[in-house]
Amino acid sequence: MRQQDWVLHLEHIAGTTPAELPPDGTLVSGERGEQRLWRACAGESIDVARLLAERSGSLLAPDAFLAIEVWAECELAAVHALHRLARTAPPTESERFRTRLREAISWHLEHTQPDNSTNRPWALHAFLLADDGSGEAALYAETLLHNMTATDARSEPLSRWILADAARELRLALGRTT
């Protein structure tokens, strides 16, 4: 599927125009990595570069969570937020954020199963945009979408926001490349 087709498909499924931030207040409170990244998206002064330098591979340490499913949900929410920050940051920071984003996505393609961790399609757009032509990243994104649409998550406000936001981010990325 072409990226423009993805935009239309995601907008159709989401059925809503997304607010600027997720409709879940817990994402902008607390001190976990994904919460700090979402607070940075909300405009709070957070040293994102320092946060990203804390580790390589995944953005969050998996051993900081009780269950792999919880970690994967938080991790993909962090990838989603980092994509937004990479788009909105000044050019020098943006390139560093994009490099770290590519690293995290590559790590997930190698280490994280999209079909056993979350039913929310966090970072779906980041995987679509990262596809190198092999189809691996696009298949990951497709699995994230399938997991959501095959479960009750399809009618959940947060999941619908994620899809609408992914469509917006894809549309913005396409505008930069066309």
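Predicted model: local features only at pLDDT ≥ 70, side-chain atom pairs only at ≥ 80, totals over all residues.

User: How are H2 and H4 oriented to each other?

Analyst: Helix H4 spans residues 68-88, and its axis comes within 8 Å of that of H2. The two axes cross at roughly 25 degrees. Angles under 35 degrees count as roughly parallel, so H2 and H4 are roughly parallel.

User: Which kinds of residue make up the contact of H2 with H4?

Analyst: The crossing of these two helices is left-handed. H2 brings Glu 34, Leu 37, Trp 38, Ala 40 and Cys 41 to the contact, while H4 brings residues including Cys 74, His 80 and Arg 84. Sorted by kind, the residues of the contact are nine nonpolar, one polar and two charged.

User: How are H1 and H7 oriented to each other?

Analyst: H1 runs over residues 3-14 and H7 over residues 136-149, with their axes 13 Å apart. They pack at an angle of about 15 degrees, and the crossing is left-handed. With the limit at under 35 degrees, H1 and H7 are therefore roughly parallel.

User: Which residues of H1 make the contact with H7, and why might such positions be spaced as they are?

Analyst: An α-helix has 3.6 residues a turn, so residues three or four places apart point the same way. On the H7 side, the contact is made by Glu 142, Leu 145, Met 148 and Thr 149. On the H1 side the residues are Trp 6, His 9, Leu 10 and Ile 13.

User: Is Ile 105 buried or exposed?

Analyst: Ile 105 lies in helix H5. Leaving aside neighbours within four places in sequence, Ile 105 is in contact with Val 79, Ala 126, Phe 127 and Ala 130. Its relative accessibility is 3%, so Ile 105 counts as buried.

User: How far apart in space are Ile 105 and Ser 58, C-alpha to C-alpha?

Analyst: In sequence, Ile 105 and Ser 58 are 47 residues apart. In space, the C-alpha to C-alpha distance is 8.0 Å.

Methods
Residues numbered from 1 in each chain as written. Heavy atoms only, no water. Axes fitted to C-alpha atoms, helices over the stretch in contact; angles between N-to-C directions. Helix = DSSP H or I, 4+ residues; strand = E, 2+ residues; numbered from the N terminus. Parallel < 35°, antiparallel > 145°, perpendicular 65-115°, else oblique. Left-handed = near helix turned anticlockwise from the far one by under 90°. Contact = heavy atoms within 4.5 Å. Nonpolar A, V, L, I, M, F, W, Y, C, P; charged D, E, K, R; others polar. Buried < 20%, exposed > 50% of the residue type's maximum accessible area, 1.4 Å probe, protein only.
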